[in-house]
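Visitor: I would like to understand how the words used for a structure follow from its values. Could we go through some of them together, step by step?

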Amino acid sequence: MAIAPRRKLYEGSRIPFPIPTVLEVPDEIREQGDVLQVNFGPNHPSTHGVLRLIVDLNGEEVVGMSAVIGYLHTGFEKSMESKTWWKGITYPERIDYVGFQNNELVFVLAIEKLLALEVPEKATWMRMLLCELNRIQSHLVYLGTGALELGAISMFWYCFRERDMILDLSEMVAGTRMHTRYFQTGGLAEDIPSGFFPEARKFVEWMPQAIDDYEQLLSANEIWLERTKGIGLLSAEDAIALGQSGPILRASGVNWDLRKNEPYLAYDQVQFHVPVYDGGDVYDRYKVRVDEMRESTHIVEQCLDRLEEMEGEPWIVDDRKVVLPPRHELHTSMESLIHHFKIVTEGYRVPEGEVYVAIESPRGESGCYVVSDGGAKPWRVKFRAPSFVALEATATCMSNSYVADLIAIVGSLDSVMGDTDR
Amino acid sequence: MTYEGVPGLVRTKEEHGETTLVVDPARLVEACRHLRDEVGFNVLADIAASDFLGWPSGPEDVAGYIGTPRGRNITVPGSWGLERLPEPKPKRFSVSYHLLRVSNEPARVRVQVWLDPGEPVASVIDVWPTADWHEREAYDLMGIVFEGHPNLTRILMDDDWQGHPLRKDYPIGGEPVRFSGEE
């Protein structure tokens, strides 16, 4: 059974009523007249961007809360409707700018599902490798900033040191450190550079030891434990009702990971373990993410083993109606030149239909709903943003907590405001 | 899996390995409750509203080939894969509820309702509390009105924003540019 919470965190449900995302001040407390309303954000360093919380305080205690989002709304979904499919690939990376590689993947997978394209094995494994590196990178940002906000400044430097190693690998593969646009419809934009494997191996050897260091710094740190254990409780039932996914759901005792339960890419061919904890608090969300970094490193290692054997294999599908022809052919083949011209100017056409593709991004279920009318541009693109859904749980996590816990709770939900507001 | 018992079911569509249940908007909540309690769809993953104003309906609307449900068949000489036109849509707006069953037998289904402009649909917030922000987003960006939602206000755009930006008749660049020297 996927849902097997071993511990009862609290009686019944804590989801506020009638509005599930707004914690209202109880009348008996409001009548006492000591409630102070504080505006937290949108420009507060611990809001991870521009989240605004309106908090009602009774002394140190949080008695009311509502979240205001939209400060980073940039209309990505609208803009994508006026871009051809292949130009649109650059947008999803910028939506969730920390988990960029995973967000890029979900859009590319949606296009490929409509086109019914078979992607070469090498591309599938490389995608998996980069997505796992990206997952580690994203969790490092969470851990570094989350700990920084609770006073563990050194964590930030350690985490960003390893994060930089991953971004160096990205740079090696795609030329840019973030927002690589390396996934192309049908495969990868370019072959894997020959120097990548030894560098990636070095990282895989280095990382487990670095994770041990993080745990030594935090897992026995009295201040960290005090600030995170038993804080921001969310039961499995409430997490399900609030549509939570990813590390938040797994920290509440639900064994649910799309990589295992609905395998995509080649996740059914690699060995990994899904960490599940049942405390439902900030501490367990931290534990889940740290364990996931270990598992991801392990997956990266397995991908490297496979990819090293695939030297010389194609990295993109040979479908001239969708994929650009090889550069050298343009000088000798009229047909290739025409294909190149048509794809660059007009774009390829994608069969009519609607699909919803979901993957396990570092933040949870990242989904992409796409409608095509058979033309060269998407009719409608809608992203199911895991950060947006995670913030819906703030009010529930915040019941019976103090204002200082608010920082820890918001940090543990690990939402990226670009993803929330799109 | 069989969805025959779903209340208000208008039609079932199987495409790209996904199941879409088109449901009568008047019986949406009933259908959702049935899917949650009887079929086990305990998670509402997403609500996606789409506007089909100007959806291509005749050959003159389409240049080049149109895809086919089986993928692209561009090998038929002279056809460019033109086997069919885009399927006509019953009404202007669609609202798709993507449901997920978190259990040992995972499953996904899309529940879809079709609406005319201004036609309200009942809120599913009582079935899945997570619908709160999803419905506010669909209201804000697409102008879908959810009856029974306790706090149906704008969420991503400013509170005093005019219009619903993701509608097809809302132009890109529709926001007036304001200069600092202007009063």
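Predicted model: local features only at pLDDT ≥ 70, side-chain atom pairs only at ≥ 80, totals over all residues.

Visitor: Which residues of α8(A) and α13(A) make the contact?

Guide: On α8(A) they include A:Phe197, A:Val204 and A:Ile211, while on α13(A) they include A:Val290, A:Thr297 and A:Leu304. Sorted by class, this contact of α8(A) with α13(A) has 11 nonpolar, one polar and five charged residues.

Visitor: What makes α6(A) roughly antiparallel to α7(A)?

Guide: The axes of helix α6 (residues 121–149) of chain A and helix α7 (residues 153–174) of chain A come within 8 Å and cross at roughly 160°. With the cut-off set at over 145 degrees, that angle makes α6(A) roughly antiparallel to α7(A). The crossing of α6(A) and α7(A) is left-handed. Among the residues that meet are A:Leu133, A:Leu140 and A:Ala147 in α6(A), and A:Phe156, A:Phe160 and A:Ile166 in α7(A). By class, the contact of α6(A) with α7(A) has 14 nonpolar, three polar and two charged residues.

Visitor: How do you know that strand β1 (residues 9–15) of chain B pairs with strand β2 (residues 18–23) of chain B?

Guide: Pairing asks for at least two bridges, and six bridges join β1(B) to β2(B), so these strands count as paired, and they run antiparallel. One of the positions to look at is B:Arg11, whose bridge partner in β2(B) is B:Val22. Two residues lie between the strands of this hairpin, and B:His16 takes a positive phi near 50° there.

Visitor: In which sense do β2(B) and strand β5 (residues 107–115) of chain B pair?

Guide: β2(B) and β5(B) pair in the parallel sense, over three bridges, and B:Leu21 has B:Val111 as its bridge partner in β5(B).

Visitor: How many residues does each chain give to the contact between chain A and chain B?

Guide: Chain A gives 50 residues and chain B gives 44 residues. On the side of chain A that touches chain B, the elements giving two or more residues include α5 (100–115), β6 (353–361) and β7 (364–372). That side of chain A has 26 nonpolar, 10 polar and 14 charged residues.

Conventions
Residues numbered from 1 in each chain as written. Chains lettered and ligands numbered in written order. Helix = DSSP H or I, 4+ residues; strand = E, 2+ residues; numbered from the N terminus. Contact = placed C-beta atoms within 7 Å. Nonpolar A, V, L, I, M, F, W, Y, C, P; charged D, E, K, R; others polar. Axes fitted to C-alpha atoms, helices over the stretch in contact; angles between N-to-C directions. Parallel < 35°, antiparallel > 145°, perpendicular 65-115°, else oblique. Left-handed = near helix turned anticlockwise from the far one by under 90°.
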